[in-house]
Amino acid sequence: MRIGVAIFPGSNCDRDALFAVEQMGADPVELWHADADLKAVDAVIVPGGFSYGDYLRPGAIARFAKVMGPLEEFARAGGPVLGICNGFQVLTEAHLLPGALLRNIDMRFVCRRVRVRVESTETPWTSGCESGEELMLPVAHNEGNYFADEATLKELEDEGRVVLRYLKNPNGSANDIAGVCNEGRNVVGIMPHPERVSDPVLGSEKGLKILRSVLVGARI
Amino acid sequence: MNIQETYASLGLSDYEYDRILELLGRAPNFLELSLFSVMWSEHCGYKNSRPLLGRFPSDGPCVLQGPGENAGVVEVGDGWALAFKMESHNHPSAVEPYEGAATGVGGIIRDVLAMGARPVALLNSLRFGPLDEERNRYLFREVVAGIGGYGNAIGVPTVGGEVELSRSYSGNPLVNAMCVGLIRTEDLVRSRAQGEGNLVVLLGSKTGRDGIHGATFASDELSEESESRRSNVQVGDPFMGKMLVECCLKLLEEGLLVSLQDLGAAGITSSASEMAAKGGVGIEIEVDKVPLREEGMEPAEIMISESQERMLAVVEPEKIGQVAELAEHYGIGSAVIGRVADHGELRILSGGEVVGSVPADYLAEAPVYEREISRPAYLDELRELNLDEISLPEDYNAALLALLSHPNLCSRHSVFEQYDHQVGTNTVVLPGADAAVMRIKGTSLGFAITTDGRGRHCYLDPEGGGAATVAEAYRNLSCVGAEPVALTDCLNFGSPEKQAPYYQLARCIEGMSRASEAFGTPVVSGNVSLYNETSRGAIYPTPIVGMVGILKDVSRHATPGFKREGDMVVVIGSGPGVSLDGSDYLEIIHGKVAGRPVEPDLAAEKRVADLVREMVRSGLVDTAHDISGGGEIVAVAEMALAGGFGIEYEEGEAERMVAGQGRGRADLAFFGEESGGFIVAVPEERWDDLQEALSGFAYDYIGCTGGDRFKVGNLINVSLEEMREAYEQDLFGG
Amino acid sequence: MKVRVLVRPKSGILDPQGEAVKSALPALGFEGVGNVHVGRLIELEVERIDEMDAMCRRLLANPTIEEYEWEVIS
């Protein structure tokens, strides 16, 4: 399976994501922001970092990068897309996912390991987990405070589109939301970084449970 | 302005001006005078510290590059090497803390990049005045935000460091940033310019008026006036910094550069003259070709601007097209601003005319001031400590909780959680342990890094404190299982023109040098920050040591937290015994800074530290911690908190502790500090192996892990919950 | 012509920056400070102002969380 990793200027978890793709046993493919070409990948990861310096708003400029054209088409056609951290922010700015990510409620960057619960296994990125399973995953962000209007939140909850939920909210997110998916369930955005816990030497391989899901569950 | 006023305003003394006249054999013009003023500042020229710095040992079996380059380099094995350096950004941070700290991080990253290495880890040592002053809270909050703001965005993890508070740093915070870079040994680049006719290329941001005379500013005492010199402080752009890192690494990978140098203090002047002086060549700079951000900049301003996110490269003419193409790919600016020449001068051209020309050697050779070293009287006054006047705590539980909750001993989570410490997915041991441990992908190798400083100790005993600083770093690395190989330092002191700071500087260097020799950890890079004074006086003499060690098998490492119930816990001492002199206990509980702290017995320390490392390396021990501020009881409490297991001292050991280890004071045994003590824990089935490993060393079995309380005889009995509440402070108060 | 765009959090959206400023001001002795909201000021030179709303909606502001207004200043 070929998994593409989108690289914007200022992405800084791109190399980590590429490395994790190798760890999960797939072929990593670099997708450069200025090339409108998905190189025939089977899935796409939009990695973390500070694309375009997070200037204006996180993800606001990256969403107009050339690579986003084919990426949006791929997503709308049902291809599996995972946005991690800044990647989540890019996907909300691109309206591939609902809502927005605001500044953390205490105005501080937060880097720590947090416990999240897998709320839905019906996505290509969580199908390898157990429903209700708790995972310890690292977060590292300034803007992880998930916001959506009441109607959208209700829709997300009713349709089981909250994918991950914090047990202890680190950033003020509405409904303790750590990750959501789109209506088609193929596009998932999460604030935690599974690629950072995908190697036994780093103390945990829990992240691989998420990443490897796509190998088995590409078609929902 | 007459000429005397002019050079004085640039920070040059009468003596220095006369020296310039003598060297040049003519009067310099304003531009040339500006070049000398920045290059002969303490920050660039080390004119007060150079004679003392020569004392440092700088060579060793692992050393590939000692002092004199952008960073020191040591060999790790399997063809890998580490480039590392630490630098201060104290003065800019005192004036504009966010940007001062951010640009400090950016600057040290580019020092490591200039060696051709990919920056992979950041650490920082910070000192502030106590948080009861609003100004100190502001500086602390903004410095931490600035470090995070830059480091997080550029994608280099901040994996360790330290924070200490003391009145002596009020208004003059210390912000020392260290960066470690990873490189293949064959890919090392140097900064010497070579090849007449080769092009000098400026990469990165445009040049503005920011940071003009930053180098001379950093060499002045802070005053009310410096508050108003805000224009001196540069602003960082981590986004551009990130692109510059990626672009330079790619340019090097493609073999397109002859040499590379970062632009730090004194901007183009310093970089170009150093590249020329090292290569024994000249460099011509056409200032009209430097891309500018502001209009109407004078040649002198362009030459000394400290605009951030710029690098200077020497490129062969036939490769310039490819260089420009790659720069564009990464969205960064590149401009040919000059060429390498054979005349040995730094020559500046504008409008086709030579507007200044000075031999590069002269700029690199600042005059040296050797001063008299004489012992200040305060040392003897402070050394007298009569323990009979120090009352014993009425409640040892309260004393322990007070120590654990003190800003100098409590958990640093509120600081390091603001730093991304995992980006890069190489961080094996996260912040909060004795040292950070990183892996090298694709190998079993790892390396460990620590930064340590002991300002109060150095104040009470400069030479002993200097040695103890290096010893502490050596212990911290040994604790995690790494073999220490070399160090970098940042020497933060007051004005060298005054008796006490100069004495402290000289003696600290002596102590550090002795310890470096004893431990076999040469000093391969470093930085000096003098004139750290405010109207309230000089700071504590605060040399900060950043030490690097190697793990052949990174999976074999130790951390402080107790791992299992029923583990047997042992205290290993190095010999000289504990003391309350200059201890955290004395300062925090009794409000006294006095006495003569234990001077490390370097040979004994090395023996014990090497033993602990060997036990970690062999897989015998996975739980280890060194005894530091707060003494044995605080160290044990930290291990209990980190692991979530309680411990009760066994009866005999508790009795000995309560009796003060035969010295009559329980507080001495509980909270006294020594140099060279460790605590390790092993499961019961490894107890025999542990005893065998420890034969010939002084050690005490203190008890077994388990439960959720910490108990020592009838004096300490607290729950982990109570300790956690005390320990887990939010230093930003919210 | 030169246009000034003002972007601010939509009413009802949590504004931690505004909250931080609001709680900092009394600490400096400025009493009686009510709600504080922190937004963004963008100044740009444009040839056609009929595209201003589209520019704001697509890039300068995020309509999910922000509202905007703009004026021609010269």
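A salt bridge is taken here as a side-chain nitrogen of Lys or Arg within 4 Å of a carboxyl oxygen of Asp or Glu. One such pair links two chains of this structure: the side chains of Arg57(A) and Glu66(C) meet at 3.5 Å, N to O. The structure is a predicted model, in which local features need pLDDT of at least 70 and side-chain atom pairs count only at pLDDT 80 or more, while totals for chains, interfaces and linings use all residues. Residues are numbered from 1 along each chain as its sequence is written, chains are lettered from A and ligands numbered from 1 in the order in which they are written, and side-chain values use heavy atoms, with hydrogens and water left out.

We can begin with chains C and A. Contact, meaning heavy atoms within 4.5 Å, joins 15 residues of chain C to 16 residues of chain A. Buried area is the accessible area (1.4 Å probe) that two parts lose on being put together, summed over both; for this pair of chains it is about 1,300 Å², with 70% coming from carbon and sulfur atoms. On the side of chain C, the residues that lose the most area to chain A are Pro16(C), Arg58(C) and Leu59(C), which together account for 34% of what that side buries.

The rule finds one salt bridge across this interface. By class, the side of chain C that touches chain A holds nine nonpolar, three polar and three charged residues. In this scheme Ala, Val, Leu, Ile, Met, Phe, Trp, Tyr, Cys and Pro count as nonpolar, Asp, Glu, Lys and Arg as charged, and the others, Gly among them, as polar.

Now to chains B and A. Here 32 residues come from chain B and 26 residues from chain A. The two chains bury about 2,400 Å² between them, 57% of it on carbon and sulfur atoms. Phe239(B), Glu417(B) and Gln422(B) supply 24% of the area that chain B buries against chain A, more than any other three residues.

Four salt bridges are counted between chain B and chain A. In one salt bridge, the side chains of Arg196(A) and Asp420(B) meet at 2.8 Å, N to O. Helix 8 (134-154), helix 11 (238-253) and strand 14 (427-429) of chain B each give at least two residues to the side that touches chain A. Helices (H or I, at least four residues) and strands (E, at least two) are DSSP runs, numbered from the N terminus. Helix 11 of chain B provides the largest share of that side, four residues.
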